[in-house]
Amino acid sequence: MEDCLFCKIIAGEIPSKKVYEDDDVYAFYDIDPQAPTHFLVIPKQHIPSAAAVTPENSIVVAKCFEAIAKIAKDMGMESFRVVSNIGEQAQQSVFHLHFHVLSGRDMTWPPG
């Protein structure tokens, strides 16, 4: 997608502080962290949100979660939260599937 912020980050057109990258997944630190450790994990394939996951593209979601598990283990994270916002009312601001990974503080419920 030409106007997608995350597609531009993946393409290297916009700088990011990379955490992890493989053929299918890219992870980078959030520019407005909500926890001591806060990074995003995104598929390189453009999928607008979790609501757009289909049998044809669901393998990339599995690869995102495999990457989350690997990154968390490599960083020594024993406890963390994974969040995906879907739609404007849920505060999705970039319409490219992404998972926030937060760690390093007590998490409250409901999240606020």
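Q: Buried or exposed: which describes both tyrosine 26 and phenylalanine 28?
A: This is a predicted model, in which local features need pLDDT of at least 70 and side-chain atom pairs count only at pLDDT 80 or more, while totals for chains, interfaces and linings use all residues. Residues are numbered from 1 along each chain as its sequence is written, and side-chain values use heavy atoms, with hydrogens and water left out. Buried means under 20% relative accessible area, exposed means over 50%, and partly exposed lies in between (1.4 Å probe, protein chains only). By that scale, both tyrosine 26 and phenylalanine 28 are buried.

Q: How are the rings of tyrosine 26 and phenylalanine 28 arranged: what is the pair called?
A: Rings of Phe, Tyr and Trp (its six-membered ring) pair if their centres lie within 6.5 Å; planes under 30 degrees apart are stacked, over 60 edge-to-face, and the rest tilted. The count by this rule is four aromatic pairs. For tyrosine 26 and phenylalanine 28, the centres are 5.8 Å apart and the planes meet at 35°, so the pair is tilted.

Q: Which residues form one aromatic cluster?
A: A pair of aromatic rings is described by the distance of the centres and the angle of the planes. Here the rings also group into one cluster. Its members are Phe6, Tyr26 and Phe28.

Q: Over the ring of which residue does the charged end of lysine 17 sit?
A: A charge sits over a ring if NZ of Lys or CZ of Arg is within 6 Å of the ring centre and within 35 degrees of the ring normal. The charged end of lysine 17 is 5.0 Å from the centre of such a ring. That ring belongs to tyrosine 29.

Q: Which residue in β2 stands opposite lysine 18?
A: Strands are DSSP runs (E, at least two residues), numbered from the N terminus, and two strands pair if DSSP finds at least two bridges between them. Strand β1 (residues 18-21) and strand β2 (residues 25-29) are antiparallel partners, with three bridges. They make a hairpin with three residues between them. Across from lysine 18 stands phenylalanine 28.

Q: How many disulfides does a search of the whole structure find?
A: A disulfide is a covalent bond between the sulfur atoms of two cysteines. The test is a pair of cysteine sulfur atoms within 2.5 Å. The sulfur of cysteine 7 is 3.7 Å from the closest cysteine sulfur, in cysteine 4, too far for a bond. The search finds zero.

Q: What is the relative accessibility of cysteine 4?
A: Cysteine 7 is buried, at a relative accessible area of 15%. Cysteine 4 also counts as buried. The value for cysteine 4 is 7%.

Q: A polar contact joins the side chain of histidine 96 to that of which residue?
A: Histidine 96 is in the loop between β4 (81-83) and β5 (99-103), and counts as buried at 0% relative accessibility. Contact means heavy atoms within 4.5 Å; leaving aside neighbours within four places in sequence, histidine 96 is in contact with residues including Cys4, Cys7 and Phe6. A polar contact is a pair of N or O atoms within 3.5 Å; within protein, one must be able to donate a hydrogen and the other to accept it, and residues adjacent in sequence count only if both atoms are side-chain atoms. At 3.1 Å, the partner is histidine 46.

Q: What is the length of the polar contact that joins the side chains of histidine 38 and histidine 100?
A: Histidine 38 lies in strand β3 and is buried at 4% relative accessibility. A polar atom of its side chain lies 2.9 Å from the backbone nitrogen of glutamine 34. The contact with histidine 100 is 2.8 Å.

Q: The backbone oxygen of which residue lies 2.8 Å from a polar atom of the side chain of serine 103?
A: Serine 103 is in strand β5 and buried, with a relative accessible area of 9%. Beyond four places in sequence, serine 103 is in contact with residues that include Thr37, Met77 and Phe80. The backbone oxygen in question is that of serine 79.

Q: What is the phi of glutamine 91?
A: Glutamine 91 lies in the loop between β4 and β5. At 59% relative accessibility, glutamine 91 counts as exposed. Although glutamine 91 is not a glycine, its phi is positive, at about 75°.

Methods. Helix = DSSP H or I, 4+ residues; strand = E, 2+ residues; numbered from the N terminus.
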